Each structure stands twice: as C-alpha cells, then as structure tokens.
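Here is a short report on one protein model. Look at the structure first, then read on.

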Amino acid sequence: MQAKKRYILVTFSGVLLVLFYFGGLRILRNGNGHNVDQLSSLRSYLDHDDVHYDQDLHISPRQRRVARTNLYKNHKCRMETCFDFSLCKGDFKVYVYPTQEGEKVSEAYQKILASIRESRFYTSDPSKACVFVPSIDTLDRDHLSPDYVKNVPTKIKSLPLWNNGQNHVIFNLYSGTWPDYTELDLSFDQGQAILAKASLSFHNFRPKFDISIPLFPKDHPKKGGNRGDLQTNNFPIGRKYLLVFKGKRYLSGIGSETRNALFHIHNGQDIILLTTCKHGKSWEKYKDARCEQDNADFDKYDFHILLHNSTFCLVPRGRRLGSFRFLESLQAACIPVLLSNGWELPFSEVIDWNKASILGDERLLLQIPSIVRTIGNEEIMSLRQQTQFLWDTYFSSVDKIVMTTLEIIQDRVHKHLARDGFVWNRSPGALVMVPQYSENLASFPFYTSAIGVKPSQSFTAVVLATTPLVTQSVTFTKLLKSVAKSAHAAKILVLWNVDRPVPLKSKWPTLEVPLAVVDTETKMISSRFYPYDQIETDAVLSLDEDALLTTDEVDFAFSVWQSFADRIVGYPSRSHFWDEAKSKWGYTSKWTNDYSIVLTGAAFYHRYYNTLFSEYLPAKLRHRVDELGNCEDILMNFLVSHVIKLPPIKVTQRKIYKETMLQSTNPVRKTSEWLEPQHFNDRQTCMNEFANYFGYMPLVRSQMRLDPVLYKDMVSNLRKRYKQIELVDARPRTS
Amino acid sequence: MESESILVLDRCQSVNEDVLPMNKLCHGLHEFQYPQILQEATFCIIVRGARLGQTALSDAMKAGCIPVVLSDTYVMPFSDVLDWKRAAVILNEEDLDQIPSILTSISPAGISSMRKQVKFFWNHYFSSITAITMTTLKVINDRVFPYAATTYDEWNIPQPDPGVTSPLFLPLIPPRSQGFTAVILTYDRVDSLFKVIMEISQTPSLSKVLVVWNNQQKMPPPAAEWPKINKPLKVVQTKENKLSNRFYPYDEIETEAVLAIDDDIIMLTPDELEFGFEVWREFPDRLVGYPGRLHLYDEETGKWKYESEWTNDLSMVLTGAAFYHKYFSHLYTNSMPGNIKNWVDEHMNCEDIAMNFIVSNYTGKAPIKVTPRKKFKCPECTGEQIISADQSHMVERSECITRFADIYGRMPLQTVEFRADPVLYKDPFPEELKRFRDVGSL
C-alpha cells in the first residue's frame with residue numbers, strides 16, 4: 001500500500017498535473033467562451049525550478065506528519081498533522097466515553113454530552129467513531145472554582161483510546177486563574193486533542209484545528225432556546241441610546257486597562273458606559289479616585305433597559321477575552337462592538353462576524369464613538385438581523401453550540417463536502433444543510449432568489465398505497481389520472497406499503513407520465529418521506545391513495561409552490577394551540593380562522609425535506625412515528641417550520657378532504673381510521689413529544705389561504721384559468 | 001487510477017535535461033501543448049512539489065480549470081478573504097485514491113458554478129502582479145479598518161450576481177401590537193379625505209393617521225374641523241406638490257407597516273384593511289395591496305404592456321391602498337435608479353408602478369394581492385369620461401413599464417397566479433365564526 005502510494009507520487013512529482021476530463025470536454029467544446037485565440041495566447045507560469053525533483057516527495061504524508069509533530073510538539077497542530085483522517089472514512093460519527101460512576105460532571109457539561117448522545121452523529125461503537133469526546137468534565141479548569149474537577153490528568157491519560165488526544169475534542173470554558181489567568185493552563189496536557197474553548201486568543205489558537213466557542217452561562221438552555229429579542233425591523237431603528245455597557249471594572253491586573261478607560265467615551269447622553277468597582281472582597285483597598293462616582297452612576301441604570309434600548313453594545317474583554325456580554329447583546333439584537341484584542345471570535349472559521357458586529361481596537365478606544373456614528377441605518381438594519389440569525393441558528397442553546405462545533409469538524413473531515421461561507425452565514429444556516437445531499441445550492445429550497453434560479457418546472461407525485469386492492473379503487477385510478485394530466489407532472493411514484501406483492505403491471509392504469517412502483521422495505525409510515533432516487537424533481541407532491549384532487553387543483557398548488565419552494569403547500573390544514581387547563585399542546589382539526597399544519601396526504605414540498613426527515617432527524621422520532629402508524633405529517637410540519645421559521649401555505653380546494661369531510665358532514669361514519677379517538681389522541685401526544693424533542697414549539701400560524709386570482713369572482717368561468725376548482729361537486733365520493 | 005477520463009502529465013523524456021521545453025508536457029510518448037491542454041480539462045489536480053504552492057495553480061485557474069489541491073498544511077492564497085470551497089476541491093494528500101469518486105459525484109451545475117468562481121477569482125485577484133499586489137493591500141486595509149471591511153459577499157460572489165437577498169431577510173412575523181400608520185396624500189378633496197379618515201379609523205390595528213397635505217396654495221383645515229377619531233392624527237405640509245411625497249419616510253411614521261391610501265378610497269371595509277395588515281405581517285418584505293395589475297410583453301411592438309382587471313395573473317398591486325414596510329419608503333426616496341422619481345413627479349403618474357418595481361427589484365418577490373377586489377371606484381367620475389381617460393391612462397402606464405424596465409436594465413417584476421383570502425373565505429361555514437366577514441366585494 002505504502003509503496004504504491006509513493007510510486008504514484010513520484011510519478012507525478014514533476015509538475016504534477018492530473019487532468020480530469022469528466023464531462024468537461026463536452027462543456028468546453030460547446031463553446032464556453034473559449035476560442036482559438038485564447039488558446040494560443042496562454043502562457044505558462046511554470047518554470048524550470050518547478051520541475052526539479054525534491055527528496056521530500058519520497059516521503060509519504062504520514063511520515064511527514066510524524067516528522068513535523070516531533071518538531072513542533074502539539075503547539076502547531078493542524079488537521080493534517082495531528083488528526084487521523086483514516087478513522088473517518090465513512091459517515092462522520094462521534095463517540096462519547098461512558099460516564100464513570102461517581103464522576104462529578106457539571107450541569108453544563110452534562111448538557112453537552114447529552115446533546116452529542118442525542119444527535120445523529122452519535123455512535124456507541126468506538127470503532128466506528130471519527131471523533132471522541134471524554135466524559136470527564138473539563139469545562140472549568142479554574143482551580144478556585146467550585147466546578148473544578150480534580151485528578152483530570154490521570155483520568156484523561158487513562159482513557160483507553162486517548163492516544164495523546166488524537167481525534168479527541170476537549171470542551172472548555174474557563175482556564176487559568178487569578179491573578180494572571182494563563183489561557184492554556186488547563187492543568188492537564190491536552191496533547192493533540194482539538195480544543196473547543198471559550199476566550200481563545202490568536203496567540204494560542206491553532207487555526208483550523210481548535211474551535212473557539214462562546215462563553216455561555218450555566219443555565220443556558222439545552223435545546224430550543226429563547227428566540228432573539230428582535231421582533232420588529234423599524235426603520236430607522238430609533239433606539240434611545242447609541243452605545244451602552246454595564247459591567248465590572250478591574251482596578252488592577254490583567255484586562256483592567258480596557259474597562260478602566262471606558263469613562264473617556266461615556267457621555268451620559270447616548271453613550272452610556274457604566275462600571276462598578278464594587279466586586280470582590282478587597283475592592284476598597286485598590287479603589288481609585290473615580291470609583292465613588294462610577295459606582296453611583298452604575299446604580300442609576302438597569303442593564304436590561306439599556307440593552308434593549310441601544311443600537312450598539314460594547315463588549316470589552318474581562319479578565320479573560322470572552323465575556324457573557326457577547327451572547328447577551330447578540331440575543332438582544334444590540335450590535336456587539338468588540339473591544340477584546342486578540343480574541344478569536346466564536347466559530348470564526350465559519351461565521352463572518354463582520355456581518356453582525358463591529359470590531360474595535362482596545363488601543364483606539366477614542367475612535368469608537370465616531371466609528372459607530374458612521375454606520376448607516378441600512379447597515380444597522382442588516383447587522384441587527386444578522387445578530388438574530390446567528391443567535392437563533394448557532395448560539396441560543398447548548399445543543400446548537402455543540403452541533404456547530406461538530407459540523408465544523410465534519411466540514412474539515414469531509415473536505416469536498418464542506419459548506420461554504422455563503423451557506424454558514426445565511427438563513428437557514430449550515431446545521432440544517434446535509435452536505436451529502438448535493439454540492440449545488442440550486443438544489444436546496446432556500447436560495448432560489450439569493451442565487452437567481454427558479455425551482456424545477458415539474459414535480460413527482462408520490463402516492464402512498466396502504467390497501468391491497470387499491471388498484472381496483474375508482475378513487476385511486478381517478479387520482480392517478482388527474483395527476484398525470486397535469487402538464488407539470490414528471491412521474492408518479494407509488495410507494496407500495498402493503499404486505500402483499502405489487503400488483504402486476506396490467507393492473508395499473510395507463511397514464512400520460514411514467515409510473516413507478518417502489519415496494520417499500522419496511523412497510524412503515526415513515527417510508528413515505530424517504531429520499532428515493534426515483535424522485536428527480538425538486539418538487540414532490542405527496543398524496544394519500546384516497547386523496548380527491550382535480551388537475552386544476554394540482555396545477556394551481558404547484559404554481560403557488562414555485563413561489564414558496566421552501567414551504568409545504570397543501571390543501572387541508574390543522575392547528576395547534578396551547579391548552580392552558582392541561583398545560584400542554586393541543587391539536588385541532590376543527591375549522592379555524594388560522595392554521596399551522598398542512599396535511600401531507602395532499603401537499604407539495606421540496607424533496608430536500610425528505611433528506612432532512614430521513615437523515616437529519618434522529619432515528620428515534622421516525623421509530624415513534626412508525627410505532628404509532630401516525631403523525632408523520634405532523635413531524636414533517638414541525639421539521640419544515642423548524643428550519644424556515646415560517647408557516648406552511650394552504651391553497652384552496654374544491655372538494656372537502658376526507659378527514660374534514662368525515663367529521664363535519666358525516667359524523668356517524670366509523671370506517672375511517674381518522675375517526676377513531678385513539679388516532680386523534682395519538683396526534684395530541686405526538687404534538688407534545690415533538691415539541692419536547694425540538695425544545696420549543698416550531699409551528700407558526702397563518703391566517704390566509706391562497707386562491708386563484710379570479711377565484712369565485714362574478715365573471716364568466718371561461719375567463720378563469722383554474723375552472724375545476726370552482727365547479728361544485730354535490731357530494732364528494734367517499735369510496 | 002488512470003482511465004480514459006484522466007490524463008497524467010509529466011515532463012517529456014527529451015534529449016537534453018537542461019533545456020526542458022516548458023510549453024510541452026508528456027504522457028508517455030504523447031506530447032501536449034502546455035498550458036493549452038488545461039483548457040480541455042474540467043479539473044486539474046495539483047499536488048505539492050518541492051514547495052507547497054505550485055505555479056500550476058495559476059496555470060489551471062487561468063485556463064478556467066477547477067483546481068483539485070493536494071498539499072497538506074498549505075495555506076491557500078488570500079485564504080483570509082477568499083472562500084476556496086467555492087472554487088476548488090481541496091483534499092488531503094492521502095485521499096489521492098478517492099479523487100475519481102469525489103470528482104464524479106459533483107453535478108454539472110456544481111461544476112459550472114465552480115468554474116465561474118475560478119474565473120472570478122483569477123480575473124479579480126490573480127491575473128496580474130498588480131492584481132496580486134492590490135489584493136494584498138486590500139486584505140491589510142480590511143484588517144486596519146475592520147468595521148469598514150470588504151464583505152464576504154463582495155470578495156467571493158461573482159458580479160453581476162443574478163440573485164437578490166431581501167433587505168428584510170430575517171424570517172420574522174412582526175407582532176400585531178405595533179399596528180400600522182395610514183399615510184394619506186391629499187390636495188384639496190377635504191370632504192372625501194375626512195370620509196376616508198372616518199372609515200379607516202374603524203380598523204383595529206390602525207395606530208396613527210398621517211395626512212400629507214400636498215397643496216401649497218391652501219392651508220389644511222383648522223384642527224377643530226377634522227374628524228374626531230380615537231387614533232392620533234397628524235398633518236404634515238409639503239413644500240412642493242409632488243406625487244413622490246406619498247412615499248416619503250416621514251419621521252412621524254413610527255411603525256414598520258405603512259398603509260398608503262388615497263384620499264378617495266372609501267370602499268375598503270375595516271375587515272379588508274385588517275386582513276390586509278395581517279397578510280402584510282406574514283410577508284413584511286412585500287407590497288400587499290388590493291387590485292392587482294399585470295405587465296405583459298408585446299412581441300409585435302417589442303414593448304411592455306400594462307394590463308388591468310380580470311387577468312389570471314398579477315405582478316403589481318395598486319398603491320391607492322397598499323401596505324408596505326417603511327424601509328421601502330426610504331428606498332423609493334433615496335435609492336430610486338435613474339430619473340424615475342423625477343419622471344413620476346413630472347407626469348403625475350406611475351408612482352405605484354415605480355414602487356412595485358423597486359420592491360421587486362430589491363427582494364426578487366412578487367407583491368401579494370388580498371381579497372377579490374378588482375378596482376378602486378372613483379365616485380365622481382361619470383361613464384364616458386372614465387373610458388377615454390382610461391385609454392390614455394393605459395397607454396401612459398404601458399410606457400412607464402417599458403421606460404422603467406430600460407432603466408433597470410431588466411424586468412424585475414415577478415408574476416404570480418394567486419391572491420390571499422381569509423382561511424375560511426366563501427367556505428360553507430357559519431359567517432359569525434369567521435374572523436374576516438366583510439370581505440369580498442369587487
């Protein structure tokens with residue numbers, strides 16, 4: 001193996017160009033701006049030096065790595081030098097060591113471990129893992145702190161797979177202690193482990209290796225998390241204060257200069273910078289001439305009032321580089337103005353902080369007021385929205401912070417699938433982007449207008465068949481024919497979720513579009529949202545076998561979907577509500593003035609959501625849905641609203657869809673499973689279980705329905721494009 | 001890993017080791033013109049040599065070939081600011097054997113966007129020593145003035161970029177509580193104005209009425225004569241009688257949502273207005289109005305045509321009564337391209353078309369028409385006058401569309417086939433349980 005590799009390298013080592021033609025010749029010859037003139041005008045940058053052999057090339061990358069590591073020890077670790085990629089050939093998996101009995105683990109670290117264990121990256125099998133996380137709590141390495149864990153060096157060393165920290169991730173919030181707060185003083189040797197650490201400085205940060213994480217409070221929520229405080233985008237913003245800060249002042253020692261100087265730019269009007277000397281036991285011993293006045297001013301203002309009434313919030317360094325002020329101002333949509341020289345900002349490898357904050361320089365404090373005054377209203381609006389996007393996507397819960405850390409590592413490991421800065425810094429963010437799905441942004445539902453593409457002009461109908469004799473049903477045949485008649489239908493895919501062989505070809509109707517039948521493997525309800533290769537269009541029309549739809553209804557809904565490719569667009573809708581009496585979430589199928597769920601028995605959605613449903617959601621949720629044989633549509637609605645934070649879209653329908661119909665016009669009918677109280681109760685239960693999993697209620701309500709422009713207008717039907725939608729069908733068939 | 005689609009080039013086994021012809025490379029005995037051959041490849045694999053960086057990277061980029069870089073620990077040029085994930089496939093040296101499978105998994109669309117990116121990077125940052133020097137200085141400049149730094153998008157997104165990102169990009173449904181400000185532009189139709197004020201004051205979410213008094217000859221009526229309503233009412237007097245005054249971002253507008261309404265629109269019911277506001281909350285970055293209008297391309301004349309009423313599509317809403325975000329007032333006033341704003345003021349027409357254009361241009365989105373309403377009736381006009389006025393009016397509006405599209409250099413309007421109605425509109429359901437009952441007249 002080794003010999004072979006060397007051989008290849010040596011062969012290449014002249015100029016080492018390998019050209020890969022894959023389809024490229026065709027593209028070029030079709031004339032892609034290339035012509036003969038250009039061909040002849042090219043001159044090479046290659047010169048003789050480049051073709052000289054070098055001894056170094058006879059060494060394999062692995063050998064080079066060893067040599068390098070010996071030279072620099074662990075201080076210059078890079079992924080290529082300190083990380084073993086050979087453990088990561090398959091899916092990106094993370095192993096968490098089992099927690100030893102009696103081991104003291106802080107609440108915050110428990111949340112971190114639980115987040116990993118509940119994630120789709122988790123594996124309980126170390127031989128499948130790419131990355132390892134110790135269960136020893138390393139968050140607080142300040143030995144004066146109550147959460148400090150003793151004997152960590154021995155514990156770490158005794159980890160069976162430690163291997164000098166290779167492929168391990170160490171989470172840390174605090175290191176060093178009074179008086180000098182030495183940053184790298186973890187009081188154990190982290191070796192070649194990746195440090196996911198708060199308050200990292202440029203000086204010690206190993207670029208593209210360590211990960212700077214935000215300092216978060218102990219009570220930071222595990223999941224869900226509070227949304228950002230920005231609810232309105234008033235223009236101009238019109239907040240009372242321009243720049244505020246309220247915090248401790250350190251009279252001496254490390255980090256004291258910055259906060260001690262703040263009074264220079266405090267103006268008591270729109271710039272309110274308040275410090276107090278009153279903290280610690282012996283503050284009076286060190287107090288300076290300004291302390292009395294500062295302490296008095298400090299008590300005059302409420303921090304939260306300042307935070308929510310200011311455009312900018314100063315985030316000066318504390319003893320350590322990072323401070324809680326950072327996340328607080330991010331959440332409050334108060335644009336952070338950073339004064340913390342040398343601080344490697346959280347997740348700086350992927351987050352473009354210029355879009356959400358102002359980088360100040362501690363040495364140039366006096367420039368800060370004029371800098372923030374030059375920032376225009378449009379930019380302020382954009383910066384504030386970005387703070388909210390970042391907060392909601394990467395920071396508002398421990399789970400998000402941990403997932404962001406792991407996704408960054410995944411991007412380094414699967415380099416060719418890595419998501420670019422565009423994806424990381426734009427809604428909905430990278431955590432809901434499964435990179436294996438596609439490397440082409442146009443095939444995701446989120447960026448159509450941002451990159452100027454239109455979603456596909458056709459759809460694939462996916463019909464779930466659950467009854468053995470369905471091919472003999474009039475309704476079913478009629479449904480297939482109505483769908484096939486649509487000019488936009490590309491294919492009909494029947495998912496054969498029946499425990500009988502697929503009926504012979506002759507049993508199926510002849511249609512204008514190809515019909516494919518998938519004999520589903522599991523026969524479980526969740527298979528309806530599996531990302532089948534046969535689905536080649538962006539749009540999926542998900543259908544129950546007994547859905548009643550005309551071609552016009554299908555066409556109109558598809559036309560609406562093309563404007564809202566990121567939403568579920570469907571016909572019958574449902575609502576959720578908070579049941580005060582039971583203090584839990586309720587589900588209702590009653591006719592209401594608003595809705596938050598669109599049933600997927602007849603709905604368009606982007607096929608990417610199949611990938612999210614089957615690969616992003618943890619298996620336990622799909623198992624739950626399969627176990628109940630119910631709620632898959634609720635889960636899909638939760639998922640989509642979680643990703644896009646917007647409601648689904650209901651379009652008008654001619655006929656009354658079965659569930660509504662049965663309940664409202666024919667309440668005695670008992671044959672439908674939809675009527676069984678158990679079925680309904682299960683759906684209530686699902687609502688609460690899913691809300692619990694997501695850590696919040698992602699569903700969003702809408703009060704409108706989209707109709708064709710001339711719907712039910714007093715004008716000749718001939719003028720209307722979607723005529724069938726209005727033709728009154730006296731009694732909907734109920735077969 | 002050799003196969004038909006892969007060509008490995010090495011130096012030619014030429015006679016004289018010292019004078020290697022640099023314009024030729026070989027695969028076995030086959031000679032190839034270098035670097036011309038690179039233009040025929042989709043991907044160029046660049047492996048580290050004596051140094052980590054290779055001039056072959058420049059050759060590949062110049063030829064528009066997507067670099068596949070295998071050079072462990074190499075810091076790609078200008079990686080501070082350039083996002084190489086968009087332009088190159090960067091792999092570990094050890095992944096050599098996976099190259100074919102990785103490269104074949106990239107879709108044609110992915111390849112085409114990477115090629116575009118390679119060209120963009122090359123042309124802007126690498127193509128000459130000047131470009132390289134200037135890029136270096138720009139990187140340093142960004143470090144010295146980080147608060148005014150070139151953005152990621154500016155560094156990395158090829159221009160002109162066909163895409164747009166709405167300036168109101170955060171997915172957000174603003175709270176109902178702030179309500180909306182009704183802005184009424186008026187000249188001297190005081191009676192009608194007072195009627196409109198009385199009518200709209202019934203709308204629950206109205207937070208303030210702002211009357212824009214556009215008549216410099218006449219003073220607004222004294223305070224005592226104004227209708228007594230339970231919402232604040234303010235009057236601003238303009239310096240000039242301009243149509244664009246209706247879209248000015250007045251400080252008196254303290255809400256996000258603005259309802260622009262003409263002083264003769266008395267037919268909208270409180271339910272229709274309230275519903276319009278609710279729909280605006282769901283689409284705060286769009287124009288939300290009542291009658292919809294359409295632009296069509298006339299193949300014969302090669303011009304755009306304005307269509308009104310009874311169409312199945314729409315791409316504009318009339319601003320005789322429309323909700324929009326105050327930010328768009330600011331855009332209309334301060335960022336209107338070309339001389340559109342002056343043209344509108346001179347001709348006293350097409351301000352609504354101009355507003356539809358600028359909103360769709362900034363967001364890439366169509367307006368939303370709410371309720372079936374097809375037109376705003378003009379109560380004083382009589383039959384025949386309307387028809388002739390209508391015809392010349394239509395001609396002028398068609399001209400506006402053509403003129404504006406020329407100025408934008410493209411047609412920003414987006415056509416849709418839907419309108420928004422209340423969830424239970426025309427459903428067989430007890431009317432008294434519907435939230436918006438008084439909706440539906442044409």
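## Chain A overall

Buried residues account for 60% of the 735 residues in chain A. The model is predicted. Chain A contains 24 helices and 23 strands.

The accessible surface of chain A is about 30,200 Å². Carbon and sulfur atoms hold 52% of that surface. Now take the contacts in chain A between residues at least 6 apart in sequence: 74% of them join residues at least 24 apart.

## A three-stranded sheet

In chain A, 3 strands form an open sheet. Their order is β5-β6-β7, and the pairing is parallel. β5 (169-172) and β7 (211-212) of chain A stand at the edges. Each has a single partner strand, so one side of each lacks a neighbour in the sheet.

Strands of a sheet pair through backbone hydrogen bonds. β5(A) pairs with β6 (residues 194-197) of chain A over 4 bridges, in the parallel sense. Within this pair, V169(A) sits opposite I194(A) of β6(A).

## E417 of chain B

Where is E417(B)? E417(B) lies in the loop between α11 (383-408) and β17 (418-422) of chain B. Is E417(B) buried or exposed? Buried means under 20% relative accessible area. E417(B) has 14% relative accessibility, so E417(B) counts as buried.

The side chain of E417(B) makes a polar contact of 2.6 Å with the side chain of S559(A). Another polar contact, of 2.9 Å, links the side chains of E417(B) and Y722(A). Leaving out residues up to four places away in sequence, E417(B) touches residues including F556(A), D707(A), R721(A), N312(B) and D313(B).

Definitions and conventions: Residues are numbered from 1 along each chain as its sequence is written. Chains are lettered from A and ligands numbered from 1 in the order in which they are written. This is a predicted model: local features need pLDDT of at least 70, side-chain atom pairs count only at pLDDT 80 or more; totals for chains, interfaces and linings use all residues. Side-chain values use heavy atoms; hydrogens and water are left out. Two strands pair if DSSP finds at least two bridges between them. Helices (H or I, at least four residues) and strands (E, at least two) are DSSP runs, numbered from the N terminus. Buried means under 20% relative accessible area, exposed over 50%, partly exposed in between (1.4 Å probe, protein chains only). Contact means heavy atoms within 4.5 Å. Accessible areas come from the Shrake-Rupley method with a 1.4 Å probe; for residues, only the protein chains shown count as cover. A polar contact is a pair of N or O atoms within 3.5 Å; within protein, one must be able to donate a hydrogen and the other to accept it, and residues adjacent in sequence count only if both atoms are side-chain atoms.
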